Structure formats: structure tokens, C-alpha cells
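Look at the structure below and follow the text through it.

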Amino acid sequence: MGCCFSAGSNQDDPKKPLIPDPNLNKIPTNGSDRNADSLPSNRTDEQALLTTILQRTALNIIDVSAVISQGLEQHEYMDRARQYSTKLEVLSRTLSQKKPVSLPSLTSQPHQVLAADLVSYADVQQVSKIAAYAYSAISQIKVDAKEELVVQFAIP
Amino acid sequence: MTTALTQGLERIPDQIGYLVISEEGVLASAGELENDEHTAGVIMQMVRTACRFKLHGTAEPPFKRMSVMFEDYVYAVTISGQKVFVVKRQNNQREPVIV
């Protein structure tokens with residue numbers, strides 16, 4: 001996992017709090033670069049704080065490269081496949097029991113309705129125009145990418 | 001049975017063919033639509049799709065008649081008593097001439 005580290009001005013005061021001061025950009029490293037000035041009593045507090053920050057970051061950030069490299073073991077793959085197919089069987093049983101939708105009745109006077117005046121030419125023209133506008137509007141829908149979707153964590 | 005269904009359709013002005021279709025298949029056909037199972041199938045699909053449009057979440061479909069309009073003719077479609085009635089009529093309407 002990539003992390004950021006900022007040197008800041010943390011060399012002078014070992015008791016300076018990490019979290020309440022956002023201006024100094026104190027984000028934890030893997031714990032390998034420890035500040036030599038920290039007193040032993042502060043180490044556990046610091047470690048706990050660092051761990052919470054690390055956990056929060058891990059929760060909020062999606063590491064895209066990690067997702068690609070993950071592979072499933074053969075037995076785990078088979079287990080999952082079996083699980084999914086049993087679930088599907090249960091669902092398909094309940095679905096097939098639904099009866100097909102019957103035709104609704106639109107009128108009790110079909111001959112009258114069908115013999116009535118046809119849709120006027122003006123109405124057809126108007127509907128065609130509206131449909132053309134709608135088509136034109138839909139064809140103009142596009143994604144407006146404002147910023148990068150994937151960013152790299154880099155150690156400067 | 002079919003005469004009761006088709007008598008009214010025969011008398012529709014400028015009709016050039018009709019179909020009466022049920023869930024099982026074509027019950028009656030005449031004129032230009034005689035034995036036209038292909039058109040019957042297409043129209044059944046269109047009507048089932050149209051029945052799925054509901055306005056403001058009401059239960060019934062929001063239309064009484066569906067018209068498929070071509071240059072010179074129209075298919076007028078409605079549903080009554082679990083049967084789909086289709087009539088092919090001449091479309092004589094043109095752009096109104098302003099005198």
C-alpha cells in the first residue's frame with residue numbers, strides 16, 4: 001500500500017499532537033521511520049494513533065492495483081461457485097412459480113374504439129417533432145470527466 | 001363464435017383487413033391480414049410492451065387504442081376480454097391544404 005510522508009517541522013517538539021493539527025500533514029509511514037526524539041511513554045499512544053489513521057485510510061481508499069493482482073485459490077473458487085449455484089437454484093424456484101402477466105382489458109367496446117377517427121395528421125407531426133427533439137437531447141448526453149479517476153500515491 | 005367477434009370489425013369504415021388474436025394464437029383473420037401470423041406476433045409484442053407503461057403508478061394502462069401509423073395505412077389495436085383486435089385501415093390523411 002502506498003503512503004505519504006511529510007517531514008514537516010516535527011523535529012523540535014516530540015509532544016506535538018499528530019491529529020489535531022492538519023496544517024503539518026502528518027500522515028503515518030509503515031512505522032519504519034520513527035522519530036528518534038519520541039519518549040518511550042509516547043510510543044504506545046503514537047503507535048495507537050498511527051494505527052487508527054492507517055486503518056481509516058485503508059477504509060476510505062480503494063487500492064486499484066491491489067484488486068487486479070488478487071487471485072483465488074482453486075478450492076476457494078470451487079466453494080464460491082457451489083455457493084452461488086445453490087443460491088440461484090433457490091431463487092429460480094420461487095421465480096418460476098409466478099404466473100405470466102395476463103392482458104389487461106382496454107375497453108368493452110372494441111369495434112367502436114377501432115372504428116373511431118384516426119389520429120390526426122397534425123398530432124402525428126407534433127409527436128414526430130417531439131420524438132426528434134428527445135432523440136437529439138439523448139444523443140448529446142456525455143460524461144464530463146473533471147478529475148482523474150485513479151491516482152498514484154507517491155513518495156516525493 | 002368468430003362471427004360475433006368479426007362482424008363489428010367487418011363494418012369498420014375503410015378497413016382493408018383485420019386480426020383477432022388471443023394468448024394461444026390467431027382466432028380470426030381477413031383481408032390483407034388473412035393468415036398473417038407474422039404481423040400478429042409483432043403486434044402482440046408491441047401491445048404487451050405498451051401495456052407496461054403506467055402513468056403515475058396507476059394500475060391500468062393509460063391508453064384505449066394503439067395506432068401503428070404508416071404512410072398509406074394504419075394498424076389500430078385494442079384489447080377486450082383477453083383478446084387483441086387489430087384492424088388495418090387506409091390512412092387518407094394528408095397535410096391540410098390552406099386555401
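This is a predicted model: local features need pLDDT of at least 70, side-chain atom pairs count only at pLDDT 80 or more; totals for chains, interfaces and linings use all residues.

Two strands count as paired if DSSP finds at least two bridges between them. Strands themselves are DSSP runs of at least two residues, numbered from the N terminus. Strands β1(B) and β2(B) form a hairpin, with four residues between them. In that turn, B:G25 has a positive phi of about 160°.

Chain A contains five helices and zero strands, and its pattern along the sequence is α-α-α-α-α. Chain B has two helices and five strands. From the N terminus on, the order of its elements is α-β-β-α-β-β-β.

The burial figures can be given chain by chain. Chain A has 156 residues, of which 12% count as buried. Chain B has 99 residues, of which 42% count as buried. A further figure concerns contacts with a separation of 6 or more. In chain A, residues 24 or more positions apart account for 59% of these contacts. In chain B, residues 24 or more positions apart account for 38% of them.

Now return to the strands. Strands of a sheet pair through backbone hydrogen bonds, either parallel or antiparallel. Which of these applies to the five strands of chain B, and in what order do they stand? They form an open sheet in the order β2-β1-β5-β4-β3, and the pairing is antiparallel. The strands at the edges are β2 (26-31) and β3 (66-69) of chain B. Each of them has a single partner strand, so one side of each is left without a neighbour in the sheet. On average, neighbouring strands of this sheet are turned by 15° against each other, direction ignored.

Helix α2 of chain B, residues 37-51, packs on this sheet. The helix touches β1, β2, β3, β4 (73-80) and β5 (83-90) of chain B, and its direction makes about 60° with that of β4(B).

Strand β1 of chain B, residues 15-21, can be followed residue by residue. Its antiparallel pairing with β2(B) runs over five bridges. How much of β1(B) is buried? Six of its seven residues are, so the strand is largely enclosed by the rest of the structure. In a regular strand, the side chains alternate between the two faces of the sheet.

Next come the aromatic rings. A pair of aromatic rings is described by the distance of the centres and the angle of the planes. Over all chains, a search of the whole structure finds three aromatic pairs. One of them is formed by B:F70 and B:Y75, at 5.9 Å centre to centre and with 90° between the planes, which makes the pair edge-to-face. Are these two residues buried or exposed? Buried means under 20% relative accessible area and exposed means over 50%, with partly exposed in between. B:Y75 has 10% relative accessibility, so this residue counts as buried. B:F70 has a relative accessible area of 39%, so this residue is partly exposed.

Ring pairs link B:F70, B:Y73 and B:Y75 into a cluster. The ring of B:Y73 also has a charge over it: the charged end of B:K88 sits there, 4.3 Å from the ring centre.

The last stop is in chain A. A:K146 lies in the segment after α5 (121-139) of that chain. Its relative accessibility is 71%, so A:K146 counts as exposed. The side chain of A:K146 is joined to that of A:D144 by a polar contact of 3.0 Å.

Terms used. Residues are numbered from 1 along each chain as its sequence is written. Chains are lettered from A and ligands numbered from 1 in the order in which they are written. Side-chain values use heavy atoms; hydrogens and water are left out. Axes are lines fitted to C-alpha atoms, for helices over the stretch in contact, and angles run from 0 to 180 degrees between N-to-C directions. Contact means heavy atoms within 4.5 Å. Buried means under 20% relative accessible area, exposed over 50%, partly exposed in between (1.4 Å probe, protein chains only). A polar contact is a pair of N or O atoms within 3.5 Å; within protein, one must be able to donate a hydrogen and the other to accept it, and residues adjacent in sequence count only if both atoms are side-chain atoms. Rings of Phe, Tyr and Trp (its six-membered ring) pair if their centres lie within 6.5 Å; planes under 30 degrees apart count as stacked, over 60 as edge-to-face and the rest as tilted. A charge sits over a ring if NZ of Lys or CZ of Arg is within 6 Å of the ring centre and within 35 degrees of the ring normal.
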